Amino acid sequence: MPTCASPSFTTRKRWVIGNWKMNPNLAAAKSLAQALITQLSAMPIQQCQLAIAPTHLHLITISSLIQHTSTPQKIQLVAQDVATHRHTGAFTGDISADLLIDAGTQWVIVGHSERRTLHHEDEALIELKLRAALDAGLGVIWCVGETLSERESEQAAAVVTAQITAHTELLSIIDPQKFILAYEPVWAIGTGRTASPEDAQQMHATIRQVLSHIRPALNETSLLYGGSVKSDNARLLAQCPDIDGALVGGAALDADSFLQIAQAFDIA
């Protein structure tokens, strides 16, 4: 039995985005991308937009593979991070939004929990990255989420709300077509644990309320769940009215598993 009511009609776009993180090597990345392209050519996915985020090293190669398909729009290309400085310059190790666009990228992930926790990125730095990406014309997949201790102390909603409202000024002018928000509880990233569909739906509903309060037009923002999403829990998550898709980690490294998740959100 489904644990969430079926979504009512909405104009919100559905997305399933594969974050490959620091995986795999070039040969395996090309093989994975080609498998996705080949299977998609015979798969009737109509309502769900797919996107993949390879490492920066592989963006140009994967972009070329996608562009040489008959329907390149079926898979969009996402970068995993972006510099705070939009243009080229003396910033060793950084990759600007303009360079990402030059590599064929359409979107970039900003504020991922691994950047927040491992690289200590705070809201001020995240704001700079968001503005740099948006100013260049990239779309942003903006991540928010709480730690296990914050959830256990019943602070999850307050933490996520604060992460969003720290950027109220930007949200008041952001192009809704260039903005996706992903809720990824930190305690569920790469652990095999996942929020229950009820918990995930409750947080997504809270996020939608916060966004709508800032600006009514943001009610149509696509909200994704990211936290050990797999083919066996995707269908239940897809039945929740405020969950519009998934930001997928480990399961995105297998073409069959990734496309099963996409199918769950395509037909829910």
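In this predicted model, helix α7 (residues 156-165) and helix α9 (residues 197-214) pack with their axes coming within 10 Å. The two axes cross at roughly 35°. The crossing of α7 past α9 is right-handed. On the α7 side, the contact is formed by Ala156, Ala157, Val160, Thr161, Ile164 and Thr165. Helix α9 contributes Met203, Thr206, Ile207, Val210, Leu211 and Ile214. Sorted by class, the residues of this contact comprise 9 nonpolar and 3 polar. No charged residue takes part.

The analysis then turned to open space in the model. The largest pocket has a volume of about 400 Å³. Its lining consists of 14 residues. Closest to the pocket centre are Lys21, Met22, Gln80, Arg115 and His119. Helix α4 (residues 113-118) supplies the largest share of the lining, with 3 residues. By class, the lining holds 4 nonpolar, 6 polar and 4 charged residues.

At the level of the whole chain, 11 helices and 8 strands are present. The radius of gyration of the protein chain is 17 Å, close to the 18 Å that the globule rule gives for 268 residues, so the chain is as compact as a globular protein of that length. The C-alpha trace spans about 45 × 45 × 35 Å along its principal axes.

Notes:
Residues numbered from 1 in each chain as written. Predicted model: local features only at pLDDT ≥ 70, side-chain atom pairs only at ≥ 80, totals over all residues. Heavy atoms only, no water. Axes fitted to C-alpha atoms, helices over the stretch in contact; angles between N-to-C directions. Helix = DSSP H or I, 4+ residues; strand = E, 2+ residues; numbered from the N terminus. Left-handed = near helix turned anticlockwise from the far one by under 90°. Contact = heavy atoms within 4.5 Å. Nonpolar A, V, L, I, M, F, W, Y, C, P; charged D, E, K, R; others polar. 1 Å grid on protein atoms, 1.4 Å probe; cavity = no way out; pocket = protein on both sides within 12 Å on 5 of 7 lines; lining within 4 Å. Points joined across faces, edges and corners; volume = space filled by probe spheres on them. Rg over C-alpha atoms; globule rule 2.2 N^0.38 Å.
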